[in-house]
Amino acid sequence: FGLLAAASLLGATPLLAAPQVWPEATSDMPADPAVRDGVLANGMRYAVMENATPVGQTSIRFRIGSGSLEESDDEQGLAHVLEHMAFKGSTHVAAGEMIKILQRNGLAFGPDTNAETEWTQTVYMLDLPRSDADTVDTGLMLMRETASELTFDASAVACESGVVLAEKRDRNSFAQRNYVDQTGFVDPAAIYAQRMPIGLEEVVRGATPAQLRAFWARNYVPAKTTLVVIGDFDADAVEAAIKAHFADWSAKPSPPQPSGGPMLPGDHGRSEIYLDPALTDRITALRHGVSRRAPDTLARRREDLLAHIGYAIVNRRLEHLGRQSDPPFRDAGFGTAEILHAGRTTNLIVDAISGRALVGLSATAGVWHRALAQGFAAPEVAEQVANIRAAAQHAAAGADTRSDALLLQDALALLSDQRVPSPPADVLARFEAFAPSITPALVLTALRHDAVMLDDPLLRFQGRLAPPGGAAAMRAAWNAAVRAPFPTISASNNTGFAYQDFGKPGTVVSDNRETALGIRQVRYANGVRLNLRHTDLAKDQVLVEVNVDGGRMLATRADPLAVEMVAMLGAGGLGRHSEDELQSLLAGHSVTFGLNDAPETFAATAATTPADLALQLRLTTALLTDPGYRGEGEVQYRLAAAAYFAQLRASPQAALAGGAGGILSDQDPRFTLQKFADYQKLDFARLRADITDRLAHGAIEVAMIGDMNEDRAIALVGATLGALPAREPWFGLYLAQRRRGFTQDHAPRILRHTGPADQALIQLVWHTTDSSDPVEVQRLNLLSRCLQLGITEALRQKLGKAYSPAASSEMAHEWLGYGEMKITATVSVVDVPAARIAIAGVVADLRDHPVSGDLLQRARAPLVEQFDNRLKTNSGWLAVAARSQSQPGRIDRQTHATARLLALSAADVQAAAHQYLPDAGAVAITVLPDEAPPVHAPPPAALPHAAIAK
């Protein structure tokens, strides 16, 4: 787990209680007073926390401590179908109205309204765009309906069973099949391996209202329920509302949750080879142990922290090996995890280079064996302690502005772990008190105690081709590696970050604050621009984005892969430091290293702190002025490219991603996937030749948002980017590059995939226009939302044929006159004709009739909330501030987006549909299995209207 999670071992974030018992009852840890928890007389737990980040919003999580483990043999899948039924009608909410109620309140189904079923829990999630009493009360009311008022209409059950089967079909990927096989191999006797939450097809298809009602009544009981509400509200009022809604929910018996086991601690020596042409090579060595679940105590947290440091050092050593110019593997990792409280498993995993799996296994096993036998050096421990300290300091500094999302993430992840809430300041204080006593010996002892020793482990290979010699060779390689003498590891000779001075600080030649949003706009004598604004939205956080002229504008028809390797520039390090050296040098600092190719620029984006802002700017400036172009970055790129091409046609989505660009652009090489050999020939020498001029001379515009002193930030930019030699004053026009064609060949196209024989994908693409007209942007946004609602109702809610159909409008800024309106749906091969008819009906209805007032509201409300809430986060501000000097329209679009949306009418939507969505204008792409015959589109005359506008 990450550094922030590591700090949580000492209570980094407020953790909410488990459903069975509040953790403070069995702990010596004092609870966080900011979390108000309680238990109703019926046994339902609740937790309420006031939090104003973001302002004016509320999030609700309704957790039922029941999942697929509660299912009997003939119920496998009922927990999942039941989750879907929660949105399909109840005593006080008519069938089909629950989602519409949420949409009218500004929630989009999926992003803001969702649910998930796991082995041990089912969680319903509402992210409310407002915190007023009525909106919060509506959310609580809908959760109360889910608790005890569902109606299970037979037609709704049949439809949602179809949707679950569609979800099951969509998830039937090479990765999912591998996971199921792996689970069966690793834990052959465990119940959880036989209770995948997605369910069995025959059970889901035959699910009846009576079966679902019985499962629901047995498991949706107060004593298994926890309600978490976090947001910008009055806690007294929300607590009273919870009691008003849920106090009369009748208490019922709560059967104990079945164990996910049994796991077998004595299991050893078995091997498996699992082959699939889409899988990259991996070997996993593992052993099981008994669960170490115990009450939450300060002593236990200290022990866990020590063990975490040990795991982190082993993984750091593996990372170092993987960054060599001739690495023994692509990636590797070592860790231990509790498995549904039935036991724990220690895994040593190596993602191998194709054909070199045994080499990778030997190297990885050697690193593990040496660490557990000899322990760690003081500098290694110090590096990890510095990282944990930085995370704890950052959490404490930002405690007052933790986001709802972060708090909820921690709450849901830890509900079942029974960890006591603890204020971040207390975490930091406990860490600082404990840190001086952390020694390599203590770390080794804790790691040995926590990890299950990998003596004669289970060994599992997954990949395209079995390693030479098969399972016997794999076992022999392991045995030889753990018996081999330990290699000598050279000590690091890092002397400090080499890039401190970039010349005389630049002079500010203009400094103004625009009036609409208060963004301060600065220009330096060398031409660098800076847009910045102090906010209090996230304490101790500063977001930085540096844009340098060029990006994908450098890719031409003659050289379409010119900037393909830019994302690997960070892996090439700096001229005076490798990437691996930088990781040690920068331990304990919150900085980001790397560059990406955006459509018009090379962009370096980072989240840092006020204390590390100067270092972040020096690091980014060093990357622009002295990239290392080391060979290890080339190696990592080629390995990633090989993995991508191995999976190119493994699923409908992958086949579409690889083939659609060429279809829509008439094979313009800039938008068409090239041959594998073309990517393998790329190197840093070619990249250096293509981008050096832009890195040295291209216009630079910096955006900076967050908890900073603006004058200090201006000085820091002046001392780094502002100190560089003169830059070009403006970003390039690239007029010849901005021409992007849309095919005039609208004949149906078929792509092929190698995945399951029942999987198909339909995509319709219409050419629209670019984003130069802000009113047209909102008109097409609203049209896409109406399309989204229409196809969701037609394909999912009525036909039960698709799990997540999607519509989107993509209007380019960089390509003159270019935009796309897309509809995409994954369906069964046999349902392709029916799905096409349904989609065509939705589109025809939007063209031929104005949408209803209710549909217009449900489409528009989430868009309005999206714009109204955008500037409640630093990331939203950064999106507006970035390039706001060279693209001043960004500010106008933000300030007027809501008004433009509200001014649009049903007639505007119909006119947009008529203009942009003609039958003859769509490019229809169907992705089918290799062996499936072509499926032709029905003639327009055969397409009935969907009547969504009625």
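How many residues lie between β9 and β10 in their hairpin, and which residue in the turn has a positive phi? The views below belong to a predicted model, in which local features need pLDDT of at least 70, side-chain atom pairs count only at pLDDT 80 or more, and totals for chains, interfaces and linings use all residues. Residues are numbered from 1 along each chain as its sequence is written, and side-chain values use heavy atoms, with hydrogens and water left out.

**View 1. The hairpin of β9 and β10.** Five residues separate β9 and β10 in this hairpin, and L340 in the turn takes a positive phi of about 50°. Strand β9 (residues 331-338) and strand β10 (residues 344-351) run antiparallel and are joined by eight bridges; strands are DSSP runs of E of at least two residues, helices are runs of H or I of at least four, and both are numbered from the N terminus. Two strands count as paired if DSSP finds at least two bridges between them. D331 has D351 of β10 as its bridge partner.

View 2. Seven of the seven residues of β6 (residues 225-231) are buried, where buried means under 20% relative accessible area, exposed means over 50%, and partly exposed is in between (1.4 Å probe, protein chains only). The cover extends to both faces, with T225, L227, V229 and G231 buried on one side and T226, V228 and I230 on the other. β2 runs parallel to β6 and is joined to it by six bridges, with E50 opposite G231. β3, in contrast, runs antiparallel to β6 and is joined to it by seven bridges, with F62 opposite L227.

**View 3. The largest nonpolar core around M704.** The largest nonpolar core has 58 residues, of which I691 and M704 touch the most other members; such a core is a set of buried Ala, Val, Leu, Ile, Met, Phe, Trp, Tyr and Cys residues joined through side-chain atoms within 4.5 Å. Helix α18 (residues 613-625) supplies the largest share of this core, eight residues. Not counting residues up to four places away in sequence, M704 is in contact (heavy atoms within 4.5 Å) with a set of residues including L530, L532, V542, L613, L617, V717 and L878. A second, separate core of 51 residues includes L40, L126, V204 and F233. In soluble globular proteins, nonpolar side chains tend to be buried together.

**View 4. The buried residues of helix α3.** Within helix α3 (residues 97-104), M98, I99, I101, L102 and Q103 are buried. These buried residues pack against β4 (113-117), β5 (122-128), α4 (133-148), α24 (774-798) and α26 (853-868). Just after α3, G106 has a positive phi of about 90°.

**View 5. The largest cavity.** Searching the whole structure gives one cavity of 30 Å³ or more, and about 40 Å³ of space lies in the largest cavity. Here a cavity is a set of points, on a 1 Å grid over the protein atoms alone, where a 1.4 Å probe fits but cannot get out, and lining residues have an atom within 4 Å of a point. The lining consists of R169, D170, P652, Q653, Q759, A760, T826 and V827, and α5 (154-171), α20 (652-664), β20 (759-767) and β22 (819-828) each supply at least two of the lining residues. By class, three residues of the lining are nonpolar, three polar and two charged.

View 6. Most residues other than glycine have a negative phi, and most peptide bonds are trans. A cis peptide bond with omega of about 5° joins T53 and P54, and P54 lies in the loop between β2 (45-50) and β3 (58-64). The peptide bond from G261 to P262 is also cis, with omega near 5°, and P262 is placed in the loop between α9 (235-246) and β7 (271-275). D456, in the loop between α15 (440-450) and β11 (458-463), has a positive phi near 45° and is partly exposed, with a relative accessible area of 34%. Y734, in the loop between α23 (710-719) and β19 (749-753), has a positive phi near 50°.

How values were computed. On a 1 Å grid over the protein atoms alone, a cavity is a set of points where a 1.4 Å probe fits but cannot get out, and a pocket is an open set with protein on both sides within 12 Å along at least five of seven lines; lining residues have an atom within 4 Å of a point. Grid points are joined across faces, edges and corners, and a volume is the space filled by probe spheres set on the points. Ala, Val, Leu, Ile, Met, Phe, Trp, Tyr, Cys and Pro count as nonpolar, Asp, Glu, Lys and Arg as charged, and the others, Gly among them, as polar.
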